Amino acid sequence: MDIQKELNKTQGFKNLALLASQVVEGYISGMHQSPFHGFSAEFAEHKVYNPGESTRHIDWKLYAKTDKFYTKRYDEETNLRCHLIIDNSASMHYPSLSRQEPGSLNKIGYAALAAASIMNLLKKQRDAVGLSLYSNTYEYYAPEKGSDRHHAMLLDQLNKLVLTKASQQPTDTYKYLHEIAQNIKRRSLVILFTDMFQPTVDQAELFKAVRHLKYNKHDVVLFHTYDSKTEVSLNFEDRPIRFVDVETSEHVNIFADQVKDSYESAVQQYFEQIRLLCGQYRIKYVPVDIQQDFQVVLTTFLLERQLFK
């Protein structure tokens, strides 16, 4: 699957729903002896077939692949409510569409396609999904619903994200996490895609924000989205380079090699700081490298869905 062919720099993803479906089906087909037999393209979930039960709902295609009997179990009720949150700040639009390498996504494109893929799984399970987007404002909110029309509306919003001109103003992640937490009224699985870049890191406010997300007994997953090539490893040519803060426009001219070690150490310390903070409040912290595929995102989601009680 060539994602770049599906990503038009003026129209976004040509068919985000289809692309998300391809991501999910490719992931499922590669799972082999996975515990997640419940996720397929046609029904709510599988359960192991017990001798004496009706053979009417046996999944013969799955039997051919696994040599085991499973039956399709249809569930008319919504099993889970999931709220997706995406940081749409300027730093999430790095690298810009014009500078992306062939076959690659920037952070916002990766987050949009990952969220659409999670929505695909939620739709298969007849679960309800909602969406919040924020940058320097709380840009969009949709409550958790499960209808086809609702899914189509959210997919349209995700596609628009890729084309949105990034705000050049600083984003107060902590403030909008508080507002989003107030909007999620019923207990949900809350999934946040963000690079956690802030002009200043206010430890006290960060503590308050993540604690608020756990309000009402929500289960929370933080996908810490980053580009390992140039945001974690400072791999640039040995010449003077201007580094520009995309949110504040502040800049500095330096030789990357002169600060490489100290920069990479500081980044790792920051990642560890966030990981420990999330652990303290029982938030699932998952670093997500946009240079990798979507396996870690989908595996984490499936595990958290199974654990959601």
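At what angle do helix 2 and helix 4 pack? In this predicted model, where local features need pLDDT of at least 70, side-chain atom pairs count only at pLDDT 80 or more, and totals for chains, interfaces and linings use all residues, the answer is about 75°, with the two axes 8 Å apart. Residues are numbered from 1 along each chain as its sequence is written, and side-chain values use heavy atoms, with hydrogens and water left out.

The overall picture comes first. The protein chain has 10 helices and 12 strands; helices (H or I, at least four residues) and strands (E, at least two) are DSSP runs, numbered from the N terminus. Of its 309 residues, 50% count as buried, where buried means under 20% relative accessible area, exposed over 50%, and partly exposed in between (1.4 Å probe, protein chains only). Among contacts between residues at least 6 apart in sequence, 75% join residues at least 24 apart; a contact means heavy atoms within 4.5 Å.

Six strands form an open sheet in the order 7-6-5-8-9-12, and the pairing is mixed. Two strands pair if DSSP finds at least two bridges between them. Strand 7 (138-145) and strand 12 stand at the edges with a single partner strand each, so one side of each is left without a neighbour in the sheet. From one strand to the next, the twist averages 15°. Helix 5 packs on this sheet and touches strand 5, strand 6 and strand 7, its direction making about 25° with that of strand 6. Helix 6 packs on the sheet too, touching strand 5, strand 6, strand 7 and strand 8, and its direction makes about 30° with that of strand 7. For these values, axes are lines fitted to C-alpha atoms, for helices over the stretch in contact, and angles run from 0 to 180 degrees between N-to-C directions.

Strand 9 (residues 219-226) deserves a visit of its own. Eight of its eight residues are buried, so strand 9 is largely enclosed by the rest of the structure. In a regular strand, side chains alternate between the two faces of the sheet. Here Asp219, Val221, Phe223 and Thr225 point one way, while Val220, Leu222, His224 and Tyr226 point the other way. Strand 9 pairs in the parallel sense with strand 8 (residues 189-194) over six bridges, and six bridges also join strand 9 to strand 12 (residues 284-289), again running parallel.

Arg81 lies in strand 5 and, at 18% relative accessibility, counts as buried. Arg81 and Arg186 are 105 residues apart in sequence, but 8.1 Å apart in space, C-alpha to C-alpha. Leaving aside residues up to four places away in sequence, Arg81 touches Ala128, Glu144, Arg186, Arg187, Ser188 and Leu189.

The helices can now be taken in turn. Helix 2 (residues 16-29) and helix 4 (residues 107-124) are roughly perpendicular to each other; angles under 35 degrees count as roughly parallel, over 145 as roughly antiparallel, 65 to 115 as roughly perpendicular and the rest as oblique. Residues of helix 2 including Leu16, Leu19 and Val23 meet residues of helix 4, among them Leu113, Ala116 and Leu121. The residues of this contact divide into eight nonpolar, three polar and two charged (Ala, Val, Leu, Ile, Met, Phe, Trp, Tyr, Cys and Pro count as nonpolar, Asp, Glu, Lys and Arg as charged, and the others, Gly among them, as polar). The axes of helix 4 and helix 5 (residues 148-163) come within 8 Å and cross at roughly 170°, which makes the two helices roughly antiparallel. That contact involves Ile108, Ala112 and Met119 of helix 4, among others, and residues of helix 5 including Leu154, Leu158 and Val162.

A few loop residues complete the tour. A cis peptide bond, with omega about -15°, joins Tyr94 and Pro95, and Pro95 lies in the loop between strand 5 and helix 4. Arg126, in the loop between helix 4 and strand 6, has a positive phi near 60° and is partly exposed at 32% relative accessibility. Arg282, in the loop between helix 9 and strand 12, has a positive phi near 55° and is exposed at 74%.
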